[in-house]
Amino acid sequence: MIPGIERVSPTVLELSDVSKRYGDLLVLEAVSLSVDAGARHALIGPNGAGKSTLFHVITGTERVTRGRIVFGGKVITTLQEHRRTQLGLGRTFQQTSLFDGLSVIANVELAVQQRSGLAHRLFPSSRGRTRVNERARELLELVGLEPREAILAGALSHGERRQLDVAVSLATNPTLVLMDEPTAGMSRDEAMSFLSMIASLPASLTILMVEHDMDVVFELATWISVLDAGKLIADGTPEAIRGSREVQDAYLGEGEHIAKLFGPV
Amino acid sequence: MRALAPGRAARLVQLALVALLAMAPLLLGDFRLFLLTEILIFGLFAASLDLLVGYTGLLSLGHAAYLGVGSYATALIAIHLTDNVFAGIAAAVLSSGVVAAATGWLAVRTRGVYFLMLTLAFAQLLFTLAITWDSLTHGANGLPTPKPTLGPGDGGGALDGGTAFYYYALVAFLIGFGLLRAIVASPFGRTLVGIRENEARMRSLGYGVARYRLAVFCIAGAVAGFAGSLTVQHSNYMSPSGISFEVSTLALIAVIIGGRATLVGAVLGSAFVFIIRDELSSAFNEHWRLVLGVVFIGVVYLLPRGLSGLPARTGLLSRRIQTTAGGSA
């Protein structure tokens, strides 16, 4: 579809020396990070470490102060947000961001029609419309929301909103999805069924997620990067991260996380 | 009633309404028919505003600018070139679309109150231009225009008399209104609603939002210009008051009283506004605006979804309400 994107590259996303400054505050300091194709890559770190800011500069809602971002072989450092989406960079939101006044299926269709080039059409073929509707149904089935397709998105439960958020994001045909705390606010059961849904997604899809729940992180992640005070302090496999001295230090004082991180070992 | 599917019932109601409109000259006197013609034309204008306000969430306070550009274009063509209606309409749609593109290019980059102020400013600018550009517009004296004709060249097939013009306006209205209906039902129309509901998410879905805002601004402006053309052809006169702040606000009031994002509500609202004006101006003289204001406040408080939300309110469509309520429970 888009030239350059099919290039077989083990690295989907690469940040080089990325810094972000708000006035005197240096929120990200020379972060270099790569995300491998097909990875379930988790980004963890104490509150205020700069995880959300890092997400923002990757998705394009914020610009980097310094550094370079390469996605799918293209430099996207200064590209507008919607252009990055068109290149295959999807995201879900920490506060689910949906079209509350529209039905569940209409939410997904809005995303599908953009991708299939129908969004500006005044008089589309009925075949085009059917295709959009069928694709939207497929995606709802994938996240397990098919029975709820006619309900208004604003009437869904918290967990269902998360599922719909994922379906809407996948509708943009991303090669990489950024998920910002996807299980936040979910009950245990909801989180577990959400995880199995994520696990069932095609292996070719790369996921980069910010997550606070260490159970979720160690259940899902194939790679973990740890951010603290705007710096990348550790980057490795879950086993390596578990044993890292620096990570333990960064989390000191956040007893709850420590217990979760290192307790069950 | 129960046997009818909701879609079919709606279609029957629509057919009945169109049939009623087609028979109106038999049922109404000259004065009422003149008023109905005015309502249809203004209703089309208000419906084009609903495309911005109701569907896209762009609150414009200066939509009369594009109506006015269309009116002046038609008036000038009729005076200087030809009184053929199609030439007048083509000039109106083209010029108002171009002016909407030029002003919209700046306006769609702003949000909320800034968009409101900018559209108001553009309209006031054009209003002032219309008053001061004496050689073109004859200033506040206005431009009397010849009666429009349907046939080619001057004088052929004159739209003489209220009934002939009414049918002409009705067909024009149905074409314009049908176009607006098709737009809001299209994928493009859904995109507009998406922008209204959650602009940030639209961007993250890959939508270049500014482009769509500009497109809808131009379409709404062009349809307003179409209505402006009909306005002049109906009244055979154009003056700066046709572009005034009051025209913009009356259209906005019509959209809100009728019910946003319904299109038909804009026409209902226009009927309401015009009937209040004509029925009450004899009783209250210049104070009819006061009465309209009070009614407006009442409607906003009692009917948040406007007149077109009234059937649901009174339980005629109670089934639909139950499904909505059941969903949120």
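User: Why does B:Gly221 count as buried?

Analyst: In this predicted model, B:Gly221 has 31 C-beta neighbours inside 10 Å. A residue is buried if 20 or more other C-beta atoms lie within 10 Å of its own, so with 31 such neighbours B:Gly221 counts as buried.

User: Where is B:Gly221 placed, and which residues does B:Gly221 touch?

Analyst: B:Gly221 belongs to helix H10 of chain B. Leaving aside residues up to four places away in sequence, B:Gly221 touches B:Tyr66, B:Ser96, B:Gly97, B:Val99, B:Ala100 and B:Gly104. With B:Gly104, the separation is 117 residues in sequence and 9.3 Å in space, taken from C-alpha to C-alpha.

User: How do you know how H4(B) and H10(B) are arranged?

Analyst: The axes of helix H4 (residues 85–107) of chain B and helix H10 (residues 209–235) of chain B come within 7 Å, and the crossing angle is roughly 145 degrees. H4(B) passes H10(B) in a right-handed crossing. By class, this contact of H4(B) with H10(B) has 15 nonpolar and 10 polar residues, with no charged residues.

User: What makes chain B as compact as a globular protein of that length?

Analyst: Chain B comprises 15 helices and 2 strands. Its radius of gyration is 20 Å, and the globule rule gives 20 Å for 329 residues; the two values are close, so chain B is as compact as a globular protein of that length. Along its principal axes, the C-alpha trace of chain B spans about 65 × 50 × 40 Å. Of the 329 residues of chain B, 47% count as buried. Among contacts in chain B with a separation of 6 or more, 75% are between residues 24 or more positions apart.

User: How do you know whether chain A is as compact as a globular protein of its length?

Analyst: The secondary structure of chain A consists of 10 helices and 10 strands. For 265 residues the globule rule gives 18 Å, and the radius of gyration of chain A, 19 Å, is close to that value; chain A is therefore as compact as a globular protein of that length. The C-alpha atoms of chain A fill a box of roughly 60 × 40 × 35 Å along the principal axes. Buried residues make up 44% of the 265 residues. Of the contacts in chain A between residues at least 6 apart in sequence, 68% join residues at least 24 apart.

User: What makes the end-to-end distance of H3(A) agree with its number of residues?

Analyst: At 1.5 Å a residue, the 12 residues of H3(A) should span 16 Å, and the end C-alpha atoms are 18 Å apart, which agrees. H3(A) is followed by A:Gly117, whose phi is positive, near 70 degrees.

User: How does H3(A) meet H4(A)?

Analyst: The axes of H3(A) and H4(A) come within 9 Å and cross at roughly 115 degrees, and H3(A) passes H4(A) in a right-handed crossing. Residues of H3(A) in this contact include A:Val104, A:Glu109 and A:Gln113, and those of H4(A) include A:Asn133, A:Arg135 and A:Leu139. By class, the contact has 8 nonpolar, 2 polar and 2 charged residues.

User: Why is H5(A) called mostly covered?

Analyst: In H5(A), 10 of its 13 residues are buried. These include A:Arg161, A:Asp165 and A:Leu170. Elements covering the buried residues of H5(A) include strand S6 (89–92), helix H3 (104–115) and helix H4 (126–143) of chain A. The 13 residues of helix H5 (residues 158–170) of chain A should span 18 Å at 1.5 Å a residue; the end C-alpha atoms are 19 Å apart, which agrees.

User: Which helices of chain B supply the side that touches chain A?

Analyst: In the contact between the chains, 21 residues of chain B meet 27 residues of chain A. Helix H7 (162–185), helix H8 (187–197), helix H9 (199–204) and helix H15 (318–328) of chain B each supply at least two residues of the side that touches chain A. The largest share, 7 residues, comes from H8(B). By class, this side of chain B has 8 nonpolar, 9 polar and 4 charged residues.

Technical notes:
Residues are numbered from 1 along each chain as its sequence is written. Chains are lettered from A and ligands numbered from 1 in the order in which they are written. This is a predicted model: local features need pLDDT of at least 70, side-chain atom pairs count only at pLDDT 80 or more; totals for chains, interfaces and linings use all residues. Two residues are in contact if their C-beta atoms, placed from the backbone, lie within 7 Å. Helices (H or I, at least four residues) and strands (E, at least two) are DSSP runs, numbered from the N terminus. Ala, Val, Leu, Ile, Met, Phe, Trp, Tyr, Cys and Pro count as nonpolar, Asp, Glu, Lys and Arg as charged, and the others, Gly among them, as polar. Axes are lines fitted to C-alpha atoms, for helices over the stretch in contact, and angles run from 0 to 180 degrees between N-to-C directions. A crossing is left-handed if the near helix is turned anticlockwise from the far one by less than a right angle, and right-handed if clockwise. The radius of gyration is taken over C-alpha atoms; the globule rule is 2.2 Å times the number of residues to the power 0.38. A residue is buried if 20 or more other C-beta atoms lie within 10 Å of its own, exposed if 12 or fewer, and partly exposed in between; C-beta atoms are placed from the backbone. The expected span of a helix is 1.5 Å times one less than its number of residues.
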